Amino acid sequence: MSQGVRTRPEGSGQPLSEAYDTALLDLDGVVYAGGSAIAHAVGSLERARDGGMHLAYVTNNALRTPDAVAEHLTELGIPTGADDVITSAQAVARLISEQVPAGARVLVIGGEGLRVALRERGLTPVESADDDPAAVVQGYGGPDLTWSRFAEASYAVARGVPWFASNTDLTIPSGRGIAPGNGAAVEVVRIATGADPQVAGKPLPPMHRETILRTGAERPLVVGDRLDTDIEGAFNGGVDSLLVLTGVTDGSQLLAAPPRHRPTYVDADLRGLLTGQPEITREGDGFQCGGWTATAADRLELEGEGEPLDGLRALCAAAWTAAGDGSCELDGEKALARLGL
């Protein structure tokens, strides 16, 4: 990963699937949405895998087990083994196991993914604050998780039991739209207790450590749709990243990204794994990519024509350079509208 503040997306003279040995892929918003595969995902991953790239699936969703995730991916046409899936449940279970005695009881507020991960680390899941737990762990439990589970966590945390969270994503995509995520549930317990949990999931180091331990990746590329988890996690881990525009991030958010949220590469979808990435050049005050030239003065301006993504890459270079180590506050809506973004 290049040193210093990133001021533009980078170019690559070879396909990303050849430049990196392992793709660390987020799931929701990258590979599938609402249970269905995102356009071009299946074919792109098949070609990347056939070309020798190792595919690993890294998710902050602690609800499902690796076996269940692998089965779902296989049903979508992406042959996957459980060993290819890394979850925040696994990361938080390792974090807990390093701080409590072997076989310790852990109060679980969440789904089966957490229970399986805890047992894998030799810990004992329990359901009540009255079971004398050595720790409390909270992960996404699905839409049917009852309010009484948050109360159970609060009783234990208020007594001083160490509290852990798989992740703190405030939202999670669903087939019907954006729903509250585990972070929203964590806030319920935080408000009730005034405490703060130790968090394992993206973008924090425990998740990156878990991923590298389980994949053995030497030249990993993080692939995601969220700036504040996937891209920031890559930044914290010192590895490169590809942002795909199939999930929650839009053009305005990308242009305003502070350094920790700036991806190495930007592409429309997972077809970006199979191609090189265009270089962005600077001439005077303008940043050129493809047939576009972007500048930053009173607002972000765009001239030229060509592929919309090239225009977006040029705008990123102008915006990020103008912002330096901050966030660009210049208006880019007119330029983005011209690109259909």
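Modeller: Let's start at T87, which sits in strand 5, residues 85-87 (strands, E of at least two residues, and helices, H or I of at least four, are DSSP runs numbered from the N terminus). This is a predicted model, so local features need pLDDT of at least 70 and side-chain atom pairs pLDDT 80 or more, while totals for chains, interfaces and linings use all residues. Residues count from 1 along each chain as its sequence is written, and side-chain values use heavy atoms, without hydrogens and water.

T87 has 1% relative accessibility, so it counts as buried (under 20% relative accessible area, 1.4 Å probe, protein chains only). Beyond its neighbours within four places in sequence, T87 contacts T59, N61, R64, P66 and M207 (contact means heavy atoms within 4.5 Å).

Y57 leads us to the largest nonpolar core, which has 29 residues (a core is a set of buried Ala, Val, Leu, Ile, Met, Phe, Trp, Tyr and Cys joined through side-chain atoms within 4.5 Å). Y57, L25, V31, L45, V223, L270 and L273 touch the most other members. Elements giving two or more residues to this core include strand 4 (54-59), helix 3 (66-75) and strand 1 (22-25). A second, separate core of 28 residues includes A294, C316, A319 and A323.

Technical notes: Buried means under 20% relative accessible area, exposed over 50%, partly exposed in between (1.4 Å probe, protein chains only).
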